[in-house]
Amino acid sequence: VSKPPATTPAFLKRGFAVVAPVGAAVAGLDALPSLVPTLTSLGYKHMTYNVKPDHYPVVGASFLETLRDGLGDDFTPDLEAAYTKMWMVVQKTMLAGADDDTK
């Protein structure tokens, strides 16, 4: 009997790899400029994986949906607005890194 895909070590490892930068962005909201080098580097790295600009909104929507599902009634409109704003900064900064042809 095989494990459901979402419980495999490879899936969990990838999930943590996606969540870690978002967690860093949330933790660093008071000092977002200090995250710019990390986020631009991630954007460049994602470009090498053939991640396209139109993939970012899909990930952002999934991220917000995950928060909405996980937090339930605690996911207030103010919290949603804050996380949406944070994601837009992450997305914009990563896309700038993906466009950086100096690397």
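Me: How many salt bridges does the count come to in this structure?

Reply: A salt bridge requires a side-chain nitrogen of Lys or Arg within 4 Å of a carboxyl oxygen of Asp or Glu. In this predicted model, the count by that rule comes to 2 salt bridges.

Me: Which residue forms a salt bridge with glutamate 65, and how far apart are the closest N and O atoms?

Reply: The partner of glutamate 65 is arginine 68, with the closest N and O atoms 2.6 Å apart. Both residues belong to helix α3 (residues 55–71); they are 3 residues apart, so about one helical turn separates them.

Me: Where does glutamate 80 lie, and where does arginine 68 lie?

Reply: The side chains of glutamate 80 and arginine 68 also meet in a salt bridge, at 2.6 Å from N to O. Glutamate 80 lies in helix α4 (residues 77–98) and arginine 68 in helix α3, so this pair ties together parts that are 12 residues apart in sequence.

Me: Which residues are linked in a network of salt bridges?

Reply: The network links Glu65, Arg68 and Glu80. Arginine 68 takes part in the contact with glutamate 65 and in the contact with glutamate 80.

Methods: Residues numbered from 1 in each chain as written. Predicted model: local features only at pLDDT ≥ 70, side-chain atom pairs only at ≥ 80, totals over all residues. Heavy atoms only, no water. Helix = DSSP H or I, 4+ residues; strand = E, 2+ residues; numbered from the N terminus.
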